Each structure stands twice: as C-alpha cells, then as structure tokens.
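I opened the model today and took notes as I went. The entries below follow the order in which I looked things up.

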Amino acid sequence: MTVEIRQPALQASWVHATHKITSINNGRTYMSDQSKKSGDKQCRIDPVVPEAIGRQLKRIYDRVADEPVPDRFSALLDQLAKQEQGKK
Amino acid sequence: MSVPNQFREDLLEAIPSLRAFGYSLCGNATRADDLVQETMVKAWANAASFQPGTNQRAWLFTILRNEFYSQMRKKKREVEDPDGYFEASLFEKGRQESHLELQDMKRALATLPDDQREAIILVGASGMSYEEAANICDVATGTMKSRVSRARSRLEELLGDTSTELSQAVG
C-alpha cells in the first residue's frame, strides 16, 4: 500500500495529516518503497508517523511546551546579561 | 562583542520547546530543566558563533542534544539505569499522568534506541523537518528518515491496536 501526502507548507503540521489508518497492527503498512522517491523533498512528506502515534508524541511534547516558562530561566538570562555588562 | 537583544529574545522564546525536547529526550522533568539551563549558558557563551538569520531553534536543539549525550556518557560510568527513562517522572508531584494511554507511549518510547527516539521526537513532535532533524543529529537526511521509520514501526508493534482506539478516543 502506498500512502502519499501532499504537504503544501509547514512541515510542522504533518502529524495532523488526514490519511486514514486502516491497519495499524501491521507495522509495515506505511513503509512503502515509495517513501524513498527522490526529489520534491520539501513538499512531499512521507507518511512516516501514523496519526495516532504522532498525536500521542505531540501530547507528551506539548504538555511541557505549553507550560509557562519557569522564573529560573528568565532570571538566568538576566544574570547572563549582567555578567556580560560586568565584563565590559 | 555583546549579545544582541534579538538573540536574547529568541532564546527566551525557544525555552518552551527546549524544555519539551529535553523532557522527551531524558524523560525526567528536573533533568530536562537542568539541560535547558546548561543549553542557555552555552548558547550565551557561544552567541558570537551563531549566524543571525539562521535557524536558532535548531542551533539550540543541537546544543541541548550534545549536552544530553555528554551527560549520558558521564553517567554511564556511574550507574546505568535503562528503565529510568520516563519512569521517575511519572510520579512526580504536579505531573501525575492523568492519561493512562500516554504511559503506554512513554514506556514504548523508553524501549527505543536513543537515536530512534530522538528522531521520532524531533520529526514527529517538535515539528522539525527531516533536514533540520538530520542537521541537529549530524547525520544525512536519509539516515534520519530511516531512523524515524524504524522508530515508527517499533512503536506500532508495541502499541498495536491501542493507538488506533486512543486516537479515536482523543480525537
């Protein structure tokens, strides 16, 4: 089975690609030989990560990415900037 | 040479994704934040070598990744804990996993070889392109593609039917 997804712009959105997962049990379903097609690399994304897996990965990642930045990091930047001032 | 304001602003802006990348790599929130801190200090010290206009997020990811592996090498000499990935963080205060299904994914991720785990996180979660991910990990784009695809096959095998059901439940 060959699944090709035309991806117009941002690659970041590919995990939300709309291809249907019909047989996730078969680990090889999406490993099509077509995925190695040359050229056109920037705009055709291989459906390497099925939606279900991509979504869970995103949730693990986004849960942290969506947290507010802890104060220690802005404090660190201030400190780094101060140290630099001191050097001059 | 002083560090440009733009560099500083972009660094601040990159912190959430650096934390997420760090957490996905090491599976431990406290350690992830230490990695981010170290990354910021190194980035600042090397600000002069960063070319403005190039991809700063990828540059920072590279620093964090290098830091992660250099810490791993040091740690290996101490205690090797192959099951430590994500396990410790699961029961951390304030970070309790309310979604059981993500535990399956975390366990599955924990079983992947490091190179495959980072590949699928970079491309599958952080939104990096294959090319960017390949640069960050210092490998050819083709190598990155095959790592992602092996990681994916492995995750599918491990998660089996569950992920289909879950995606429907979540979606």
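**Entry 1: a helix pair across two chains.** I am working with a predicted model. I started with helix H2 (residues 71-87) of chain A and helix H1 (residues 5-26) of chain B. Their axes come within 11 Å and cross at roughly 160 degrees. Angles over 145 degrees count as roughly antiparallel, so H2(A) is roughly antiparallel to H1(B). I also looked up the hand of the crossing of H2(A) and H1(B), and it is right-handed.

Which residues make the contact? From H2(A) I listed Phe73(A), Ser74(A), Leu77(A) and Ala81(A). From H1(B) I listed Arg8(B), Leu11(B), Leu12(B) and Ile15(B). Then I sorted the contact of H2(A) with H1(B) by class: six residues are nonpolar, one is polar and one is charged. An α-helix has 3.6 residues a turn, so residues three or four places apart point the same way.

**Entry 2: chain A as a whole.** I counted two helices and two strands in chain A. Along the sequence, chain A reads β-β-α-α. Chain A has 88 residues, and 24% of them are buried. Next I checked the contacts in chain A with a separation of 6 or more. Of these, 76% join residues 24 or more positions apart.

**Entry 3: helix H1 of chain A.** This helix covers residues 51-65, which is 15 residues. From first C-alpha to last, H1(A) reaches 20 Å. That is close to the 21 Å expected at 1.5 Å a residue.

Is H1(A) largely enclosed or largely open? Eleven of its 15 residues are buried, so H1(A) is largely enclosed by the rest of the structure. I wrote down the buried ones.

**Entry 4: one residue in chain B.** I picked Gln56(B), which lies in helix H3 (residues 56-77) of chain B. Is Gln56(B) buried, exposed or partly exposed? I found 18 C-beta neighbours inside 10 Å. A buried residue needs 20 or more, and an exposed one has 12 or fewer. Gln56(B) therefore counts as partly exposed.

What does Gln56(B) touch? Leaving out residues up to four places away in sequence, I noted Asp10(B), Ala14(B) and Phe50(B). Gln56(B) and Asp10(B) are 46 residues apart along the chain, yet their C-alpha atoms are separated by 7.6 Å.

How values were computed
Residues numbered from 1 in each chain as written. Chains lettered and ligands numbered in written order. Predicted model: local features only at pLDDT ≥ 70, side-chain atom pairs only at ≥ 80, totals over all residues. Helix = DSSP H or I, 4+ residues; strand = E, 2+ residues; numbered from the N terminus. Contact = placed C-beta atoms within 7 Å. Axes fitted to C-alpha atoms, helices over the stretch in contact; angles between N-to-C directions. Parallel < 35°, antiparallel > 145°, perpendicular 65-115°, else oblique. Left-handed = near helix turned anticlockwise from the far one by under 90°. Nonpolar A, V, L, I, M, F, W, Y, C, P; charged D, E, K, R; others polar. Expected span 1.5 Å × (residues − 1).
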